Amino acid sequence: MVPVGDVASLIVGVLALWIGARFLVTGASRLAGAAGIPALVVGLTVVAFGTSAPEIVVSTGAALEGRGDVAVGNVVGSNVFNLGVILGLVAVIAPFRVSEPLLRRDVLAMAASTAVAVAVLANGLVSRLEGAVLLALLAGYLAALVIAVKNGDSSGATDGGTAPAGAGGTGRDVRLGLEAGRTVAGLAIVIVGGRVLVDAAVGLALSVGISEWVIGATIVAAGTSLPELVTSVVAARQGDTGIAAGNVVGSSVFNVLGVLGLAAAARPLAVDPAVVLALGWLAAVTAFATVVLATGRQLTRLEGAALVAFGTAYWVVSAIL
């Protein structure tokens with residue numbers, strides 16, 4: 001019998017992650033906008049990190065409790081959701097052209113980081129040393145972004161404009177104290193929501209006989225991906241595809257390098273053998289997303305629909321198996 005308390009806690013945890021991430025992203029984006037940071041960089045860093053905060057909290061917390069399946073399943077499932085469902089929906093809502101900086105550096109970084117993560121996870125174990133290597137690669141990627149900003153190479157990722165979604169105007173229009181408080185409050189809500197979500201998901205898995213891997217790779221992954229979904233869809237509907245695309249690509253890099261790296265650095269991870277199938281799916285959807293972004297440097301509605309179908313099929317297959 002499914003525990004009603006765990007179901008209620010799962011819903012509360014997901015809602016807390018969504019609300020907290022919205023606070024975190026809005027506050028951080030407005031602060032970054034006031035500082036004059038380009039839209040692509042905001043999407044790839046501030047917004048991507050903010051929307052990846054639930055994955056960081058959930059995966060690191062699960063790792064510390066020795067629940068490697070939940071920690072890794074959350075990362076793999078979230079990236080399939082990001083590159084399939086979310087990126088696909090952005091293209092369906094507002095097809096966009098991809099500029100040289102995004103194509104040359106960030107999409108390739110996304111593909112390369114996924115390849116590294118697949119190689120690390122192939123044996124079902126992630127050591128602290130491997131986690132440290134992943135974090136070092138993330139630091140290198142962020143350093144490349146900083147250099148690009150200094151060289152003026154990141155002012156526009158797409159045809160979607162340059163102002164971050166929800167930036168709220170210029171630095172004079174932004175109340176720095178209010179936005180800093182919003183950012184801190186959002187982070188606190190995300191931390192609490194992540195704790196509730198993991199406990200509820202594990203409780204459900206144990207009560208109905210579903211493996212922690214399946215719960216982590218599907219329900220938990222979808223729950224922690226809600227901030228990316230909401231942020232990217234809202235940005236796309238507002239015509240700000242720079243933030244939308246940057247958020248998806250940046251979050252994918254953060255997840256496989258930062259989230260997985262931090263979780264493994266906290267405690268070595270042992271993963272269910274089912275990870276092999278999931279990694280194959282992640283590699284395939286990443287390759288497909290990279291190809292459609294590179295071909296003609298434009299993501300069309302048809303390609304977006306194909307990505308959504310690709311990402312949705314992952315959940316169907318995972319649930320069946």
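**Figure 1. Thr114 and the residues it touches in this predicted model.** Setting aside residues up to four places away in sequence, Thr114 makes contact with Val256, Leu282 and Thr286. Thr114 itself belongs to helix H4, which covers residues 100–121.

**Figure 2. The side chain of Thr114 and the backbone of Met110.** Here we stay with Thr114 and turn to its side chain. A polar atom of that side chain sits 2.9 Å from the backbone oxygen of Met110. The relative accessible area of Thr114 is 3%, and because buried means under 20%, Thr114 counts as buried.

Figure 3. Helix H1 takes in residues 4–34, 31 residues in total.

**Figure 4. The whole protein, as a setting for the close-ups.** Stepping back, you will find 11 helices and four strands in the protein. It has 321 residues, and 53% of them count as buried. Among contacts with a separation of 6 or more, 88% are between residues 24 or more positions apart. The protein exposes about 12,200 Å², with carbon and sulfur atoms supplying 70% of that area.

Note on methods: Residues are numbered from 1 along each chain as its sequence is written. This is a predicted model: local features need pLDDT of at least 70, side-chain atom pairs count only at pLDDT 80 or more; totals for chains, interfaces and linings use all residues. Side-chain values use heavy atoms; hydrogens and water are left out. Helices (H or I, at least four residues) and strands (E, at least two) are DSSP runs, numbered from the N terminus. Buried means under 20% relative accessible area, exposed over 50%, partly exposed in between (1.4 Å probe, protein chains only). A polar contact is a pair of N or O atoms within 3.5 Å; within protein, one must be able to donate a hydrogen and the other to accept it, and residues adjacent in sequence count only if both atoms are side-chain atoms. Contact means heavy atoms within 4.5 Å. Accessible areas come from the Shrake-Rupley method with a 1.4 Å probe; for residues, only the protein chains shown count as cover. The expected span of a helix is 1.5 Å times one less than its number of residues.
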